[in-house]
Every structure is written in structure tokens, then in C-alpha cells.
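Please keep the sequence and the model in view while reading.

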There are 2 protein chains.
Amino acid sequence: MKSMKISDAVVRRLPIYLRFLSELAMNNVLTVSSQDLGQKLNLNPAQIRKDLAYFGEFGKKGIGYDVLFLIEKIRQILKLDKTLSVGLVGAGNLGRALCNYNTYLKDSMKIVAVFDATPEQHGKVINNLIVQPMEELEATIKALQIRIGIITVPSTAAQQVATQFVAAGVEAILNFAPVVIKVPNNVRVHHADFTTDLQSLAYYLG
Amino acid sequence: MKSMKISDAVVRRLPIYLRFLSELAMNNVLTVSSQDLGQKLNLNPAQIRKDLAYFGEFGKKGIGYDVLFLIEKIRQILKLDKTLSVGLVGAGNLGRALCNYNTYLKDSMKIVAVFDATPEQHGKVINNLIVQPMEELEATIKALQIRIGIITVPSTAAQQVATQFVAAGVEAILNFAPVVIKVPNNVRVHHADFTTDLQSLAYYLG
């Protein structure tokens, strides 16, 4: 399946489908049409059918999609069928907020370690995680097989943290600092900068 | 310019261009090629030229783009040439973190009011903003001409906050709660749920 070139835009929509499908499943709704999905998610039904067709013929004409089957397939595609360990650097307000999101990630992903450069933070507990010094980052990442790193430090420190993550073997980074970071080509970076979200939102104001 | 249909993907990339161009300007770099932009931002240069061509003929063959002119144009397109007022509901860790981002938004956007439903929060000060009760939301939004609302409350409260925002006249919402909210068609909603970012990132792991 990985040999197919799936666009970033599609990969970004899959978790949105997954979230809504999980809500349906919790409410015991077992089939859903692309029309319903489109209406709830403000997306074009034709777009949704096209997105899901990348991964095989899931839907049935006149009936729609089997909700549980689709959840399982999307989880497989996104590699969420195994638990991925996540490490976070930067135990400020944003870092703390993200640790508290652990509940929403369910079993597919879990922040398992938190680091901070400030000695005053070391030993503090955030949602059952103990804040560790940066010196312990590499050993912890290797010991806990952490594959994803989250950066919630000020812009000036972001590049250094990214470099440390990469050196320790992290394969993908979610960067919340409003600055472009450089990593080797085999490491994937997503920017979760909220100023970017806000600025693109402004475009749609009348 | 608004009559052209510009895709959401393009609108989402413009703030990323803007951020990098602003860094260049701060370092007194006055021209930049699509190659340079592509390399720094991990994007295809042809894609960048196509994105920017939506808005007119900015680039010059063999010279590149005038950095300051491009900044000005993108700011106009994104309507960042005027200051937009933003209101936030939910003064928890995430809400506090976002208020502290005010510095990065510069003059184009500013969180000017913070609200929370919990009486214990009322009167507390976050980055010079006083946390107000929800009862003051509508009057404050009208008085301060707030056009964008940010939701950083738990999932169970998100829909109610969205409804209050819309009733008060907010035109666009950035929703951080991991739940789909319903608003009228003339109100734009972006989801900034970080679980979605993390889940799409997992796809790229080898």
C-alpha cells in the first residue's frame, strides 16, 4: 500500500474521517454514506469517495460504508493499529496541554516521556509523566522506542531540540515552535504552528 | 481577487511562505528564488511558483521574487494588512499557551479577550488579558469587533461555545477541541486538533 503515492492532503483528512467514524461507532451507527460524511465534515462527498478509494473498494452503492471496517482500515493505513510512543520537549503551558491530550489518543499513540532544559522543571509530574532533563533524552528515546517527537520550546531552541531528536533516532517531528527547522530527508516534520492556522483562517473572512 | 477560487491547500501554505519570507527580510535578504523557498520549506519549487502565480506575476526569471513585495502581497491576500481581533474561550493550559503566542502574531492579529466558564478563573490575568465570565462574551465580542474565535475548552463544551461565538457575530473559528462542531455555512471552522496532526504524521513512519 505504501508504494502508492498518496497526497499529503489525503493523509491529513484520514484522521478527520477516523474521528467522526469513531463517534458514529460509539453511537452504534454501523453504516454511513459519503453524503453523510460530507455534510458532517464540510467536505465534498465525491472527494471523500475518491480519498477512500485510494485504499480499496470499501463502499457499497446505496448502502454506504461499513463504519467498523472503515475504522479498522484507516487505522491500519495510518499505522495506528500498534501503539506508537511519543516524546515531548518543552514542559511549558503548551507542553502540559498536549500531555493532557493523552486521553484522546487512546491506545494508538501515547506521550511516554517529557523533557525540559530548565532545572526547575525536572522531577515535576504532568499527567503521570515525570519531567526529565535533556541529558536523559537520547537514552530514554532508545529505551522506550520513541519514534515521534513533539517540540513545544521557544523558537530559539527549536532547531537544537530537533537535532537532538534526530540524533536519538526519532523518525517524525511535530513542531509547535513558529520557526522552520532543518532535519535530514528521511525525517518527516509537520508544523503545528497555530499562527499559521489563524492566518489562513483570516483569508475566509468576508 | 476573492472571486478566484483558491484551494484550501494553497491558503494553508501562504502563512508558511510568509513566515519564512519575514525571516529573510529580518536578515536583509531582498530576493529569493522558488528553488531556495522550496529547499527551506521542503516543498516543490514548481508548486511554489504555481501557488504564487494565483495572485499575479510576482517573480522575475533568473532573479526570483522581491521579498518585501511578496510579504506585502501575501499579507493583503490573507487580510493581514489590518489588525484582526481574536477572542478565546477556555483559560486552561492550552488557552494560556495560545495567549502567550500573541507576540508572534505581531500587528496582524491579536487575542484581545479571554473567557472561561469556571468562576475560579474569572479575574485572573494571562499575558495582560483578564479572564472574563461567559456572560460577558457577546457584549465584549461586539464592543471589540472580534471576528475570529478560538475554542480551547473540553470536547463536551465545544459545541455550546461555538454556538455562542456565532450568536455574538464571530465569522471564523479555530477549534482545538477534538470534536466536530456545527456552525452555519457562512462561518468558517478550522480544526487545530493536534491528535489529527500526530495521526497523519504516523503514516510517514517507515
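Two strands are said to pair if DSSP finds at least two bridges between them, and helices (H or I, at least four residues) and strands (E, at least two) are DSSP runs, numbered from the N terminus. This is a predicted model, in which local features need pLDDT of at least 70 and side-chain atom pairs count only at pLDDT 80 or more, while totals for chains, interfaces and linings use all residues. Residues are numbered from 1 along each chain as its sequence is written, chains are lettered from A and ligands numbered from 1 in the order in which they are written, and side-chain values use heavy atoms, with hydrogens and water left out.

Chain A as a whole contains 9 helices and 9 strands, and its C-alpha trace spans about 60 × 40 × 35 Å along the principal axes. Of its 206 residues, 51% are buried, where buried means under 20% relative accessible area, exposed over 50%, and partly exposed in between (1.4 Å probe, protein chains only). A contact here means heavy atoms within 4.5 Å, and among contacts in chain A between residues at least 6 apart in sequence, 56% join residues at least 24 apart.

Chain B can be laid on chain A with an RMSD of 0.0 Å by a turn of 180° and a shift of 0.0 Å along the axis, the copies being superposed by least squares on the C-alpha atoms of residues with pLDDT of at least 70 in both. The two copies are therefore related as by a two-fold rotation axis. The same surface serves both of them, since 100% of the contact residues of chain B recur in chain A.

For chain A, an unreviewed UniProt entry lists residues 16–55 as "DNA-binding region"; UniProt positions are given in the numbering used here, feature names are shortened, and annotations may be inferred rather than shown by experiment. Over residues 16–55 the chain is 70% helix and 5% strand, with its end C-alpha atoms 16 Å apart.

Helix H3 (45–53) of chain A has A:Ile48, A:Asp51 and A:Leu52 among its residues, and these are buried. Seen down the axis of H3(A), the buried residues fall within an arc of 90°, so they line one face of the helix; the arc is that of the directions from the helix axis to the C-beta atoms. They pack against H1, helix H2 (34–41), E2 and H4 of chain A. At the start of H3(A), a side-chain oxygen of A:Asn44 reaches to within 2.9 Å of the backbone nitrogen of A:Ala46.

Which residues are buried in helix H4 (residues 67–77) of chain A? They are A:Val67, A:Leu70, A:Ile71, A:Ile74 and A:Ile77. Viewed down the axis of H4(A), these buried residues fall within an arc of 130°, so they line one face of the helix. Their packing partners are helix H1 (8–26), strand E1 (31–32), helix H3 (45–53) and strand E2 (65–66) of chain A, together with helix H9 (194–203) of chain B. The N-terminal end of H4(A) is capped by A:Asp66, a side-chain oxygen of which lies 3.2 Å from the backbone nitrogen of A:Leu68, and just after H4(A), A:Lys79 takes a positive phi of about 60°.

The sheet of chain A is open and is formed by 7 strands in the order E5-E6-E4-E3-E7-E8-E9, with mixed pairing. Its edge strands are strand E5 (125–126) and strand E9 (188–191), each of which pairs on one side only. Strand E3 (residues 84–89) and strand E4 (residues 109–116) of chain A run parallel and are joined by 6 bridges, and the bridge partner of A:Leu88 in E4(A) is A:Val114. E4(A) also pairs with E6(A) in the parallel sense, over 3 bridges, where A:Asp116 stands opposite A:Pro133. Strand E6 (residues 129–133) of chain A is mostly covered, with 4 of its 5 residues buried. E5(A) and E6(A) run antiparallel and are joined by 2 bridges, with A:Ile126 opposite A:Leu129; together they form a hairpin with 2 residues between them, and A:Asn127 in the turn has a positive phi of about 45°.

In chain B, B:Lys79 has a positive phi near 60° although this residue is other than glycine. B:Lys79 is placed in the loop between helix H4 (67–77) and strand E3 (84–89) of chain B, and at 25% relative accessibility it counts as partly exposed. B:Gln145, in the loop between helix H7 (137–143) and strand E7 (146–151) of chain B, has a positive phi of about 50° and is exposed, with a relative accessible area of 62%.

How values were computed
A polar contact is a pair of N or O atoms within 3.5 Å; within protein, one must be able to donate a hydrogen and the other to accept it, and residues adjacent in sequence count only if both atoms are side-chain atoms.
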